[in-house]
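Dear colleague,

Please find the structure below. My notes on the contact between the chains and on the salt bridges follow it.

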Amino acid sequence: MSVASTENAISTGRITRAFIYLVLILFVTFYLLPFGIMVINSVKPLSEITGGNMMALPQVFTLDPWFNAWNSAQIGVDPTGLKPYFWNSLKMVFPAVAISTVLGALNGYVLTKWRFRGDTLLFGLMLFACFIPFQIVLIPMARVLGFLGISGSTPGLVLVHVVYGLSFTTLYFRNYYQVFPTELVRAAQIDGAGFFRIFWRIMLPSSGPIIVVSVIWQFTNIWNDFLFGASFADQDSQPMTVALNNLVSSSTGVKEYNVHFAGAILAALPTLLVYIVAGRYFVRGLMAGSVKG
Amino acid sequence: MMRPHFSQNNENLGAGIMVDQTNSSVAMAADYAVPTAVKPDLRTRLQKLIPKLVLSPSLALILVFVYGFVIFSVYLSFTGSRILPVYDWVGLENYEKLFRLRNWSIAIKNLGIFAGLYITVCTAIGLGLAILLDQKIRGEGFLRPIFLYPMALSFIVTGTAWKWFLDPGIGLEHTIHLWGWESFEFDWIKNRDFAIYTVVIAAVWQTSGFVMAMFLAGLRGIDNEILKAAQIDGASNWNMYRRIIIPQLRPAFLSAFVILSHLAIKSYDLVVALTGGGPGRATELPATFMYSYTFTRNQMGIGASSAVIMLMTIAAIMVPYLYAELREKK
């Protein structure tokens with residue numbers, strides 16, 4: 001690889017270019033293989049998986065594993081399929097993403113355009129919260145959720161995700177607003193516009209890219225979270241990731257691999273979809289903040 | 001008279017980070033000057049208070065749910081708590097027990113192997129792919145999302161996919177046998193000595209594309225004029241990368257290191273889904289150790305002390321980094 005990387009576009013020879021493409025294609029295979037094979041095998045009958053070759057295309061095409069995973073697979077004690085857990089996840093994700101993004105936007109606005117003594121220290125305190133290992137808050141969190149009477153419930157999980165996502169959204173908006181021309185804010189101020197009016201009329205209309213970043217980040221993280229779901233949810237609020245893990249690691253009966261795969265893809269679909277629709281903006285927006293910062 | 005004065009200051013503020021950094025004290029003074037310069041009636045005083053009011057709920061949440069909880073966990077780690085928190089002070093007993101536990105030393109050793117390899121390999125692949133993609137590759141727009149999509153998946157999904165793909169009885173090894181290479185062996189996931197490397201493989205698969213995106217953004221941000229000048233001076237491509245381009249990627253290296261190292265220490269779900277900590281305890285990590293000691297073995301005091309060690313490890317990396325970042329920017 002080091003051979004290929006020494007070359008620059010302007011002067012790469014034909015052989016080097018062929019080599020570059022070869023390496024890139026190898027990596028395409030590496031990234032596509034595990035997930036791609038899972039997709040192929042999710043539409044095979046079980047006998048073709050246990051008795052056959054995982055790379056082979058299905059001889060009999062069937063969507064039964066998908067219906068099974070969605071509607072009727074045994075998860076924990078009930079044969080409910082993943083459907084109820086999918087809704088649990090949605091009910092948790094939407095409020096959590098919305099609240100943490102709004103709070104993050106307001107925080108970023110205050111921290112860049114209404115600075116006060118000690119604001120950098122406060123921001124530092126918030127920023128460090130992005131990086132704490134969540135293990136350190138598990139025990140007290142379980143106690144506090146119980147104390148508030150929302151343990152094992154969707155509102156409880158929303159609270160947890162808002163709190164631990166807040167630091168990220170604040171970071172994104174703060175970095176974004178930092179390069180937003182402050183003279184516009186000052187001019188509006190002199191014209192008599194207040195705090196919220198400036199936010200609403202001046203900041204928000206140009207916050208599109210960073211809202212996309214914040215929403216995608218929060219959506220992916222919260223949808224994909226396992227630790228909090230496994231620790232703080234009960235039957236009625238368990239998110240998709242926890243249910244999937246229960247499905248895949250259940251040790252009773254025959255391992256229905258095709259159902260597991262269909263379930264795993266179902267669990268991955270929302271984030272993949274978000275990523276396919278808006279991933280480009282995500283990377284661009286994220287990099288605009290982090291590389292500059 | 002007021003307006004030119006303000007706009008002059010504000011140009012400094014708005015002219016970009018560089019100016020913002022060097023003139024921060026001036027800029028901040030200007031910020032303070034704004035509300036007081038205008039006639040301080042009730043409304044302006046209220047306006048002055050609003051920003052802090054808006055910030056305070058978030059701040060309260062963070063103070064209680066992050067720092068308050070950290071203090072609580074630290075305190076618990078000095079108590080004899082088992083299934084429920086109790087508040088008897090036992091000093092360093094939990095830490096002494098913790099470091100005598102074989103499970104913990106296995107977890108630490110595994111984290112060393114995992115984090116070291118994960119960070120190095122992700123950075124190498126990320127940088128390599130970014131450089132290759134930066135060679136005016138046809139189909140870059142098609143390749144990038146393929147390298148990146150694993151990042152959108154949950155570690156549980158990644159673990160499920162790889163667990164099966166690496167399973168010798170049904171996955172890769174079985175397939176290669178069917179293709180006629182009967183002696184092919186790849187049973188790492190079932191092998192105590194190698195299972196931890198399968199965690200590395202799956203984790204690298206998930207994150208390396210993201211690291212690539214970071215480096216690619218860094219590469220795209222490099223001033224072309226410098227490169228052209230270097231080329232005119234006869235610099236070889238190798239030297240351009242070694243002397244000019246890669247040194248300029250320092251911020252990207254730093255961000256990658258920080259993100260990867262904290263992801264490594266927090267790794268929990270991937271191990272749960274891929275190996276369940278096994279075979280035996282071969283892929284136990286501090287995060288899985290903490291969970292099982294606290295919630296299934298009812299040794300809350302020891303669980304809390306292991307969480308404190310994890311936090312201190314992350315803090316040792318993060319605090320200097322954040323301090324440097326924020327001081328620079330201010």
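Is B:Arg144 buried, partly exposed or exposed? With a relative accessible area of 28%, B:Arg144 is partly exposed (buried means under 20% relative accessible area, exposed over 50%, partly exposed in between, with a 1.4 Å probe and protein chains only).

Before the remaining findings, a note on conventions. This is a predicted model, in which local features need pLDDT of at least 70 and side-chain atom pairs count only at pLDDT 80 or more, while totals for chains, interfaces and linings use all residues. Residues are numbered from 1 along each chain as its sequence is written, chains are lettered from A and ligands numbered from 1 in the order in which they are written, and side-chain values use heavy atoms, leaving out hydrogens and water.

Salt bridges

Over all chains, the structure holds six salt bridges (a side-chain nitrogen of Lys or Arg within 4 Å of a carboxyl oxygen of Asp or Glu). B:Arg144 is paired with B:Glu140 in one of them, at 3.3 Å from N to O. The two residues are four apart in helix α7 of chain B, and about one helical turn therefore separates them (helices are DSSP runs of H or I, at least four residues, numbered from the N terminus). B:Glu140 counts as buried, at 15% relative accessibility.

A second salt bridge links B:Arg220 to B:Asp134, with the closest N and O atoms 2.9 Å apart. B:Arg220 belongs to helix α10 (residues 195–220) of chain B and B:Asp134 to the loop between α6 (102–133) and α7 (140–148) of chain B, so this pair ties together parts that are 86 residues apart in sequence. Both are partly exposed, B:Arg220 at 42% and B:Asp134 at 23% relative accessible area.

The interface

The contact (heavy atoms within 4.5 Å) involves 110 residues of chain A and 111 residues of chain B. About 10,400 Å² is buried between the two chains, and carbon and sulfur atoms give 75% of this area (accessible area, 1.4 Å probe, that two parts lose on being put together, summed over both). B:Leu55, B:Leu132 and B:Trp164 supply 7% of what chain B buries against chain A, more than any other three residues. Helix α4 (residues 42–76) of chain B provides the largest share of the side that touches chain A, with 19 residues. Between chain B and chain A there are zero salt bridges.

Kind regards
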